[in-house]
Amino acid sequence: MSIVTVQLGQCGNQIGREVFNAFCGDVHGTHGLCSKKENESYHEACKERFFREEESEVPIARAVLVDMEPKVISQTLSIAAKSGCWKYDDQSHFCQKQGSGNNWANGYSVHGPRHKEVIMNLIQKEAEKCDRLSGFFTIMSMAGGTGSGLGAFVTQCLRDAFPSSFILNHVIWPYGTGEVIVQNYNSVLTLSHLYQSSDALLVHENDVIHKICAQLMNIKQISFKDVNQVIAHQLGSVFQPTYTAEGGLHYSRNPLGDLMETLVPHPEFKMLGLRNIPQMPENSLTYSTFSWSGLIKHLRQMLIANARMEEGIDWQVRPPRLGSSIPSSHSTNKPLHFNTSIANLVILRGKDTHSVDLGSFQDPSLYTSWLNPQDAFNAWKTPRAFNKYEKSAALVSNSQFLLKPLDNVVGKAWNMFASKAYIHQYTKFGIEEEDFLDSFTALEQVISSYTIL
């Protein structure tokens with residue numbers, strides 16, 4: 001089944017291009033470390049998911065590009081075409097001249113309704129070119145105007161137009177220090193609206209990725225391209241083909257459906273985080289060896305201590321002892337900083353994946369009490385290596401990982417709202433104080449639900 005990617009705003013388009021680059025680089029790489037037959041079926045599964053082939057020999061990305069300014073889209077189209085490895089469809093993009101001025105309301109209430117028909121037609125056409133549609137993968141930032149405001153509007157339209165398709169929103173969380181003065185308003189409005197129409201939100205925090213670039217990749221002067229390449233690598237480690245069942249004979253046919261079924265058991269809990277191990281500069285790989293037991297031990301501790309990368313993990317954090325607890329609705333017995341999960345998915349790529357012991361992820365103390373740990377944990381595997389790593393593991397988790405950043409953003413936005421700062425910028429485009437209050441209420445509910453796990 002195929003996935004249609006919708007790239008929204010400057011951030012969405014730049015990351016989208018790096019994601020397709022990563023898919024292509026992986027498929028054409030010589031680092032598969034598996035049989036020719038295995039490599040071919042991996043190849044086919046990846047192509048069906050993300051690319052289509054027409055008269056031209058070059059695969060065409062199943063994607064629609066949307067921005068309110070032309071510059072980034074024209075750069076994105078031309079860089080992809082020059083790669084010679086893949087390209088975008090010349091007809092599958094939409095841009096305007098005026099931008100959204102980092103104003104969520106402008107993207108959501110003005111540009112959205114004004115251009116709805118053209119944008120939805122492009123998406124409809126792309127969807128019709130899929131033999132079987134798994135769903136939509138949108139890529140957007142939360143802080144600006146087009147990605148966030150127009151992105152939230154387009155997601156609602158997708159939900160109305162394709163009620164039975166899966167929608168996964170990939171959301172870039174802004175730097176804490178901030179690029180945009182009203183980014184917390186934009187973030188609150190984006191998240192609360194996406195929560196209504198999306199099946200799940202996969203979140204990457206700029207601050208975390210920046211740290212990975214500096215500390216793990218040893219990049220001295222970090223550019224957006226560096227950040228985007230790390231994000232693309234992490235997304236590739238989840239979306240490239242895998243076997244979802246033990247001894248499966250076929251690569252997963254419905255990637256988005258499988259992801260939702262595994263990780264989102266309840267509509268109140270839609271926040272997904274992604275961790276990846278190992279991550280290092282290419283020139284260090286030659287001198288490094290990894291054992292599965294070491295990788296899994298680190299990945300599990302990253303999960304429970306809520307560490308986003310393998311450097312600086314707090315090894316003191318331990319799961320609570322089962323049986324010593326009062327009922328979980330008052331989870332005061334939880335050790336400080338322990339990150340409780342609803343569901344976890346571990347994805348292993350490379351040699352000897354069949355022999356890996358994942359029992360430590362099935363420990364009931366990692367999970368909320370209302371789910372059977374057998375249902376809460378899944379593993380997908382493939383013997384084909386990914387992106388030059390002989391062995392690599394990714395962890396997608398639905399857990400309390402975002403509580404602190406979410407609480408922070410809502411708190412900062414509320415303080416500004418209480419003093420009526422910049423509200424007029426939104427009311428002039430039709431977003432009233434009531435809308436803000438509804439958004440605050442919705443996110444307070446999300447925070448409360450995750451807190452009492």
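# Sheet, helices and cysteines

User: In β4, which residue is the bridge partner of Thr 5?

Analyst: The model is a predicted one, in which local features need pLDDT of at least 70 and side-chain atom pairs count only at pLDDT 80 or more, while totals for chains, interfaces and linings use all residues. Residues are numbered from 1 along each chain as its sequence is written, and side-chain values use heavy atoms, with hydrogens and water left out. Strands (E, at least two residues) and helices (H or I, at least four) are DSSP runs numbered from the N terminus, and two strands pair if DSSP finds at least two bridges between them. β1 and β4 pair in the parallel sense over 4 bridges, and in β4 the partner of Thr 5 is Ala 63.

User: In β5, which residue is the bridge partner of Leu 65?

Analyst: β4 and β5 run parallel and are joined by 3 bridges. Leu 65 has as its bridge partner in β5 His 93.

User: How many of the residues of β4 are buried?

Analyst: Buried means under 20% relative accessible area, exposed over 50%, and partly exposed in between (1.4 Å probe, protein chains only). Both faces of β4 are covered, with Ala 63, Leu 65 and Asp 67 buried on one side and Val 64 and Val 66 buried on the other. β4 is therefore largely enclosed by the rest of the structure, the buried count being 5 of the 5 residues.

User: Which strands stand at the edges of the open sheet?

Analyst: The open sheet of 10 strands has mixed pairing and the order β5-β4-β1-β6-β7-β8-β9-β12-β10-β11. A strand at an edge has a single partner strand, so one side of it is left without a neighbour in the sheet; this applies to β5 (93-95) and β11 (377-382).

User: By how many degrees are neighbouring strands of this sheet turned against each other on average?

Analyst: Axes are lines fitted to C-alpha atoms, for helices over the stretch in contact, and angles run from 0 to 180 degrees between N-to-C directions. For neighbouring strands of this sheet, with direction ignored, the average is 20 degrees.

User: What angle does helix α5 make with β6, and what angle does helix α8 make with β9?

Analyst: Contact means heavy atoms within 4.5 Å. Helix α5 (residues 146-161) packs on the sheet, touching β1 (2-8), β4 (63-67), β6 (133-141) and β7 (166-173), and its direction makes about 160 degrees with that of β6. Helix α8 (residues 224-239) also packs on the sheet, where its contacts include β8 (200-205), β9 (271-277), β10 and β12. The direction of α8 makes with that of β9 an angle of about 100 degrees.

User: In which sense do β10 and β12 pair, parallel or antiparallel?

Analyst: Strand β10 (residues 341-350) and strand β12 (residues 391-399) are joined over 9 bridges. Ile 347 stands opposite Ala 394 in β12. The sense of the pairing is antiparallel.

User: Within what arc do the buried residues of α3 fall?

Analyst: The buried residues of α3 are Val 72, Ile 73, Thr 76, Leu 77 and Ala 80, and they pack against β1, α1 (9-28), β4 and β5. On the other side of the helix, Lys 71 and Lys 82 are exposed. The arc is that of the directions from the helix axis to the C-beta atoms. Seen down the axis, the buried residues of α3 line one face of the helix, because they fall within an arc of 130 degrees.

User: Which peptide bond is cis, with omega near -5 degrees?

Analyst: Most residues other than glycine have a negative phi, and most peptide bonds are trans. Pro 278 lies in the loop between β9 and α10 (282-285). The cis bond is the one from Ile 277 to Pro 278.

User: How many disulfides does the structure hold?

Analyst: A disulfide is a pair of cysteine sulfur atoms within 2.5 Å. The sulfur of Cys 34 is 13 Å from the closest cysteine sulfur, in Cys 46, and so too far for a bond. The sulfur of Cys 95 is likewise too far for a bond, because the closest cysteine sulfur, in Cys 11, is 17 Å away. The number of disulfides is 0.
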